[in-house]
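Hello,

Here is the structure we spoke about. Please look it over, then read the notes below.

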Amino acid sequence: MITLGTDEITKYPFLTEGGQFLKDKGFSLEQFCSDPDLKIIVNNAYQRIETAANGQIHKSDLQDGSSNESNLSLEVFSFLIAVILLKLSGKNTLIQRFSLAEARRAEKFLEKDLQNNDEHNEQLGIKIISELFSMDVKKEEGNFVVLISDYLKHSVHFHEREWKLVNRHVDNGKVFLTSHEAVRLVRKELASYIRKKINSISLPSELDGFDITVKKLDELAKKFQVNIIESSEYPPCIKYAIEVLEKGENLPHSGRFLLATFLLGKGQTVEQIAPLFKNAPDYNEKVTLYQLKHLAGDQGSTTKYACPSCEKVKSNNLCFPVPGCDKIINPIQFGRKIDA
């Protein structure tokens, strides 16, 4: 049994102990609606959401070493009230972005705890990975090991060569990982865990004091609304990529590459394509424009990247064939008449 201190709840406020924190400190949600002295926490919660919406990670006193008990409590409060505000807003785009940003924030602390020589911190990191994601993690000879079955289950969404089982150090049915790799293995699931937490919470029927802040969130969400380009000529892999972005979900790098190169190959400009990515949870305008210009051969390279082949799309688990996909070898050919 590991008892969490306030500093540890601050690092991982999405844990069960975080949800109990308000009550343990003697506060109710209704107080945050009506008490003017608590207004600063509601404002901090909004700023935490806004930071995440803009693709950045919330910074706390934990990261610069200036933490004290009072500041740590305010940190936890800001997360918990942010969750309430997001639930009240019902804005899926903001929930997705917030969940990913908070997962990335926790990831930094989790990796540090696993690297820590302090046994308590190390065991806390292992406990979080093991209990939240049903993955048996152990420390052996300076490395972290997981069962092959667990590794395959959690690495299924990775397509980079280094994550293929054949390229891993495997011994006696176990896969060896660094602390960074162990944490990276569960990043996507951690974001999903936080998102499910937000969507599943139940709230008191009357929380009118949050109305003004929720309206601000409605306005914030409008920044990320995009007019999705739809076409009957798009192959199902491209329609899938567009649908994922439209929902505000995280499209993997291979899917973003596919979508961008396909649309560039169809003659669309960087300026026409860029807005499609505004709904991605980790959207950064400057980075998106730079990457699109690079793919178009306008920046950092004179080579325009081609749309990947259907075989490559299949290997990235992005292929959803329909009869119109017969006889084509590249998504660009979809809708064209192909001679037998």
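**Pockets, cavity and helix packing**

H12 supplies the largest share of the lining of the largest pocket, eight residues. Helices here are DSSP runs (H or I, at least four residues), numbered from the N terminus. This is a predicted model: local features need pLDDT of at least 70, side-chain atom pairs count only at pLDDT 80 or more, and totals for chains, interfaces and linings use all residues. Residues are numbered from 1 along each chain as its sequence is written, and side-chain values use heavy atoms, with hydrogens and water left out.

**Largest pocket**

The largest pocket has a volume of about 1,200 Å³. A pocket, on a 1 Å grid over the protein atoms alone, is an open set of points with protein on both sides within 12 Å along at least five of seven lines; lining residues have an atom within 4 Å of a point. A volume is the space filled by probe spheres set on the points, which are joined across faces, edges and corners.

The lining of the largest pocket counts 38 residues. Closest to its centre are Lys 188, Asn 250, Leu 251, Pro 252 and His 253. At least two lining residues come from each of H8 (92-115), H9 (119-133), H12 (187-200), H14 (236-246) and H15 (253-265). By class, the lining holds 15 nonpolar, 11 polar and 12 charged residues. Ala, Val, Leu, Ile, Met, Phe, Trp, Tyr, Cys and Pro count as nonpolar; Asp, Glu, Lys and Arg count as charged; the others, Gly among them, count as polar.

**Second largest pocket**

This pocket has a volume of about 490 Å³. Of its 21 lining residues, Gly 19, Leu 22, Leu 80, Ile 84 and Ile 201 are the closest to the centre. H2 (16-19), H3 (21-24), H7 (69-89) and H12 each give at least two residues to the lining. H7 gives the most, with four. The lining has 14 nonpolar, five polar and two charged residues.

**Cavity**

How many cavities of 30 Å³ or more does a search of the whole structure find? One. A cavity is a set of points where a 1.4 Å probe fits but cannot get out. The largest cavity has about 70 Å³ of space. Its lining is Pro 235, Pro 236, Cys 237, Cys 310, Val 313, Cys 319, Phe 320, Cys 325, Ile 328 and Pro 331. H14 and H18 (310-315) give two or more residues each. By class, that is 10 nonpolar, no polar and no charged residues.

**Helix packing around H5**

H5 (39-53) packs with H8 at an angle of about 90 degrees, with the axes 8 Å apart. Axes are lines fitted to C-alpha atoms over the stretch in contact, and angles run from 0 to 180 degrees between N-to-C directions. H5 and H8 are therefore roughly perpendicular (65 to 115 degrees). In H5, Arg 48, Ile 49, Ala 52 and Ala 53 meet Leu 94, Arg 97, Phe 98, Ala 101, Glu 102 and Arg 105 of H8. Contact means heavy atoms within 4.5 Å. This contact has six nonpolar, no polar and four charged residues.

The axes of H5 and H13 (211-222) come within 11 Å and cross at roughly 10 degrees. The two helices are therefore roughly parallel (under 35 degrees). H5 contributes Lys 39, Val 42, Tyr 46, Ile 49, Glu 50 and Ala 53 to the contact, and H13 contributes Thr 213, Lys 216, Leu 217 and Leu 220. These residues divide into six nonpolar, one polar and three charged.

Best regards

How values were computed. Parallel < 35°, antiparallel > 145°, perpendicular 65-115°, else oblique.
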